[in-house]
Amino acid sequence: MLWVALHFPGLRNEALAPLAGWACQFTPRVAQAPPDALLAEVEASLRYFGGPDAFLRTLRAGLDALGVTAALATAPTGLAALWLARGGGGSLEALPLEATGFELDFFRGIGIATVGEALALPRDGLAQRCGSAMVDALDRACGRLPETYAFFAPPARFSARLELPGEAAHAEALLFPARRLLARLEGLLAARQEGIRAFTLRLAYFDSSSEEIEIRLAGLSRDAARLAGLLREKFSEKKLEQPVEALELRAADFEPLGPRSGGLFGDPAREEEDWSRLLERLRVRLGCEAICGLATQPDHRPEHAWRRVEPGEWDPREFRQPGARPLWLLEQPRRLAESEFTLLAGPERIECGWWAGDEAKRDYFIARLASDAAAWICREGGEWTLHGLFA
């Protein structure tokens with residue numbers, strides 16, 4: 001069995017949980033070791049990452065992306081790995097006793113300075129002098145007694161705050177620290193095999209006021225680079241009201257998102273994702289209301305037979321029109337003289353809308369115009385109007 005300890009010098013207790021969620025993407029067996037460390041049992045993950053050395057390289061690269069400084073150590077037991085990480089590595093026997101957190105007055109009085117020297121002392125006498133808890137801890141570190149840990153369960157919500165090292169007066173300067181928060185979010189989502197459709201970035205100003213920026217996605221994702229790209233679009237045109245001192249990233253409503261397999265002959269899923277990314281960038285730049293999808297709805301009047309929907313949304317109220325309908329409807333119907341067309345089919349009587357105060361009594365025909373275009377024309381009140389053109 002192999003354990004990895006991650007020691008974060010100077011870390012506060014409340015910052016451990018987001019890092020534990022991030023670490024769960026490497027192994028599900030992650031435990032917090034307050035106030036400043038995490039423990040991970042990684043034996044079952046080594047083959048996937050290509051062995052212990054490759055696993056540690058991947059872990060260090062992830063920590064660098066987070067901008068977090070951590071001391072790493074490995075050992076056959078969690079407690080030994082934790083002591084080694086806090087003591088700077090090396091062998092367990094040569095480790096200074098300061099790394100264990102024991103009371104050291106007794107050991108200093110008898111000239112004992114390392115874990116190896118403490119292990120060589122008579123066990124009964126050590127238990128009498130220092131208590132059985134210290135002896136049990138030494139036995140757990142050496143693997144003589146079993147260890148028990150409460151492993152971290154990745155939460156169904158994400159919230160993390162990052163204090164900036166200095167004031168940021170331009171929105172573009174916030175992208176770099178925001179990437180670190182997004183990397184933590186990506187790790188948590190990868191551990192849960194889930195994705196998000198929206199997230200919120202809160203800007204904390206120096207006068208204790210704040211501003212929230214909500215980013216909506218066109219589809220499920222957990223890719224930190226994709227999320228950062230949307231923030232870049234948002235920041236490119238944003239002017240800060242005043243300098244920012246901290247960022248807080250929040251996300252909820254996770255949905256299942258498994259790994260994607262590529263296609264042998266083309267990749268429709270990848271093409272759909274590219275389209276979704278284009279929609280996201282347009283909505284971030286132009287506003288959510290500027291980009292929408294269209295769906296039919298049950299109304300015989302052509303001007304009311306459609307509705308706005310979210311891009312890509314499948315509308316369950318979609319219905320089949322009772323007759324032929326043109327692809328192109330004119331924004332305003334145009335009057336026609338009887339000499340400008342030849343009737344081909346019809347009439348189709350439409351008489352509805354009285355309950356909404358917009359009653360329509362019309363006869364629709366398919367006709368050929370002088371230009372040979374197939375048209376959808378209407379007769380209402382003795383007048384002929386052009387409503388649409390067929391492709």
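**Note on the sheet and the aromatic cluster**

1. Helix H3 lies across strands E1 and E4, running at about 20° to E1. Contact here means heavy atoms within 4.5 Å; axes are lines fitted to C-alpha atoms, for helices over the stretch in contact, with angles from 0 to 180 degrees between N-to-C directions. Helices (H or I, at least four residues) and strands (E, at least two) are DSSP runs numbered from the N terminus.

2. This is a predicted model, in which local features need pLDDT of at least 70 and side-chain atom pairs count only at pLDDT 80 or more, while totals for chains, interfaces and linings use all residues. Residues are numbered from 1 along each chain as its sequence is written, and side-chain values use heavy atoms, with hydrogens and water left out.

3. The open sheet has four strands in the order E2-E3-E1-E4, with antiparallel pairing; two strands pair if DSSP finds at least two bridges between them. E2 and E4 (71-75) are the edge strands. E1 (residues 3-7) and E3 (residues 37-41) are joined by five bridges, and Val4 stands opposite Ala40 in E3.

4. Trp22, Phe26, Tyr48, Phe49 and Phe55 form one aromatic cluster. Rings of Phe, Tyr and Trp (its six-membered ring) pair if their centres lie within 6.5 Å; planes under 30 degrees apart count as stacked, over 60 as edge-to-face and the rest as tilted.

5. The ring centres of Phe26 and Phe49 are 5.8 Å apart and their planes stand at 40°, so this pair is tilted. For Phe26 and Phe55, the centres are 6.1 Å apart and the planes at 75°, so the pair is edge-to-face.
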